[in-house]
Amino acid sequence: MRIDVVSIFPGYLQALDLSLVGKARRDGLLDLRVHDLREWTTDRHRTVDDTPFGGGAGMVMRPDVWGLAVDDVLAEGPARRVLLVPTPSGERLTQRTVEDLAGADQLVLACGRYEGIDARVAENYRARGDVEVREFSLGDYVLNGGEVAALVVVEAVARLLPGVIGNPASLVEESHGTAGLLEYPVYTKPPSWAGLEVPEVLTSGHHGNVARWRREQALARTAERRPDMVAALDPAGLDRTDRAALAAHGWFVPAGDGGAPTRVQVRPGTPDDAAALAELAAATFPLACPPHMDEADIEAHIATHLGAEHFAAYLADPSRYRVLVAETAAGLVGYTLLVLPLSVAEAPEADDVAAVVTQRPVAELSKCYLLPAFQGTGLAGVLVRETTTTAAGVVVEDRPLSAVWLGTNRSNRRAQRSYARNGFTVVGTRRYRVGQSLEEDVVMTMPLDVPQTTAVDAVAR
Ligand code: JD8
């Protein structure tokens with residue numbers, strides 16, 4: 001590949017005599033030429049700039065000088081030639097751009113200074129059609145000229161050229177590489193430094209565990225530092241363990257419509273959520289009902305239990321009800337309702353539940369619903385754990401809650417498995433009315449790691 005860099009400060013590019021790029025040039029793997037723009041000036045003051053049309057501060061670089069220079073350095077023949085103009089107002093340079101440029105035959109980098117280069121230079125070569133023109137920026141900060149950007153492009157492109165990097169394999173796992181993830185942290189000797197140890201897995205010799213750890217570290221770093229990159233990840237490239245690692249950082253991969261990783265925030269509900277919660281409840285409750293349940297019964301239940309007025313009441317009384325919502329940029333995707341006892345001795349309302357739920361004080365995880373796209377993503381587990389964590393922080397008559405119970409339709413195996421994965425165990429069954437339909441639920445409880453108090457003790461109190 002041939003790269004020509006044109007600048008009024010050609011010395012700025014001397015760094016490219018060093019290191020891998022310098023060696024690539026000496027090994028003939030890269031034909032890099034640095035030119036002084038003033039070679040193409042036509043006046044004895046070697047002028048490259050003039051005052052801006054339309055007024056304003058500073059000077060603008062002349063198009064005629066640049067035209068002479070670019071025409072001169074553009075290689076003859078049908079090569080793929082790209083004129084690159086660094087500018088703060090350009091498209092953001094990415095590894096994708098660099099990989100594309102590495103396929104060209106010639107790159108010409110026009111390094112501007114002052115207020116920039118007359119816009120007709122880029123316009124002229126675009127119009128010619130035989131040269132690609134790309135105006136690019138390194139990032140959202142202002143430099144004094146294009147030379148730094150030229151250094152970046154030359155190094156980023158050169159290291160992708162065949163034979164420049166000793167071990168091409170090392171190109172694979174890089175940040176911004178094909179995986180679209182940031183790199184995992186790296187370590188070397190000494191194994192202990194400044195009181196800091198190298199992660200044990202890295203000295204375990206277990207290559208599978210090392211690879212897994214590195215993948216999780218890359219996912220975690222990317223989630224913490226570059227959420228934009230997580231959102232751009234191809235879900236097809238994320239296996240179950242990847243998705244669990246992302247879930248731990250609040251990212252979930254919804255099923256359906258391309259399923260791009262989505263940031264989900266779990267937070268306490270507020271009175272403003274009432275209407276959205278009612279809409280979500282109306283959309284999710286029917287999906288948890290067994291197929292034999294009568295549509296009318298379902299609608300009746302929604303009308304009498306899941307209206308905005310019902311949620312407004314729950315949200316207005318945190319001493320009795322705690323609502324958690326799972327929210328994406330697009331809106332609510334899940335929620336839970338925790339019903340707190342008002343006294344240590346308060347028993348679950350239904351006798352068949354009170355008979356099998358004996359811990360006191362005990363709260364009910366009354367509702368836990370997710371939009372179907374987020375079922376199986378790990379979000380249900382996060383919502384349930386956040387809810388039981390909330391319960392563990394509740395004190396009734398100076399006694400911490402000792403357990404949480406719930407009822408879920410006997411036919412809803414997926415829900416039962418999810419609750420079981422999150423610490424709930426089946427303790428019995430209950431009859432549960434939905435409209436005219438009398439259903440059977442399994443009853444599950446989860447002890448909260450506080451000193452257990454049973455119904456008997458509570459009453460004894
Ligand atoms: C080219 C002249 C300076 C810019 C007045 C300061 C790239 N990411 C980036 N930030 N800045 C540049 C850049 C700055 C340049 C030139 C690139 C030519 N300047 C000008 C406009 C405001 N001065 C860049 N790539």
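Q: Where is the place of D140?
A: D140 sits in the loop between β7 and α5. Keep in mind as we go that this is a predicted model.

Q: Is D140 buried or exposed?
A: D140 is exposed, and its relative accessible area is 71%.

Q: And what does the side chain of D140 make a polar contact with?
A: With the side chain of R92, at 3.3 Å.

Q: Where is G139 found, and is G139 buried or exposed?
A: G139 is in the loop between β7 (132-137) and α5 (147-158). With a relative accessible area of 3%, G139 is under the 20% cut-off, so G139 counts as buried.

Q: Which residues does the UniProt "binding site" annotation cover?
A: The entry, which is unreviewed, lists G112, L138, G139, D140, Y141, V142 and L143.

Q: Let's turn to the ligand. Which of the 18 residues around the ligand come nearest?
A: Those are P86, S137, G139, Y141 and L143.

Q: How far is the polar side-chain atom of S137 from a nitrogen atom of the ligand?
A: The separation is 3.1 Å. For G139, a backbone N or O atom lies 3.1 Å from a ligand nitrogen atom. In the case of Y141, a polar backbone atom is 2.6 Å from a nitrogen atom of the ligand.

Q: Switching to rings: how many aromatic pairs does a search of the whole structure find?
A: The search finds seven aromatic pairs. One of them is F311 with Y335, an edge-to-face pair with 5.4 Å from centre to centre and 85 degrees between the planes.

Q: Which parts of the chain does that pair link?
A: The pair links distant parts: F311 belongs to helix α11 (residues 308-316) and Y335 to strand β14 (residues 331-339), 24 residues apart. Both F311 and Y335 are buried.

Q: Which residues form the aromatic cluster?
A: F285, F311, Y314, Y321, Y335 and Y369 form one cluster.

Q: What does UniProt list for residues 264-449?
A: The unreviewed entry gives "domain: N-acetyltransferase" for residues 264-449. Over that stretch the chain is 33% helix and 33% strand, with the end C-alpha atoms 27 Å apart.

Q: New topic: how many residues has helix α6, and what span does it reach?
A: Helix α6 (residues 207-225) has 19 residues and spans 26 Å from first C-alpha to last, close to the expected 27 Å.

Q: Which residues of α6 are buried, and what covers them?
A: The buried ones are V210, W213, A218, L219, A220, T222 and A223. Their cover includes α7 (227-231), α8 (240-247) and β10 (251-252).

Q: Last one: where does G376 lie, and is G376 buried or exposed?
A: G376 lies in the loop between β15 (362-370) and α13 (379-392). G376 is exposed, at 68% relative accessible area.

Notes: Residues numbered from 1 in each chain as written. Predicted model: local features only at pLDDT ≥ 70, side-chain atom pairs only at ≥ 80, totals over all residues. Heavy atoms only, no water. Phe/Tyr/Trp six-rings, centres within 6.5 Å; stacked < 30°, edge-to-face > 60°. Helix = DSSP H or I, 4+ residues; strand = E, 2+ residues; numbered from the N terminus. Buried < 20%, exposed > 50% of the residue type's maximum accessible area, 1.4 Å probe, protein only. UniProt positions renumbered as here; feature names shortened; annotations may be inferred. Expected span 1.5 Å × (residues − 1). Contact = heavy atoms within 4.5 Å. Near = heavy atom within 4 Å. Polar contact = N/O pair within 3.5 Å; in protein donor to acceptor, adjacent residues only side chain to side chain.
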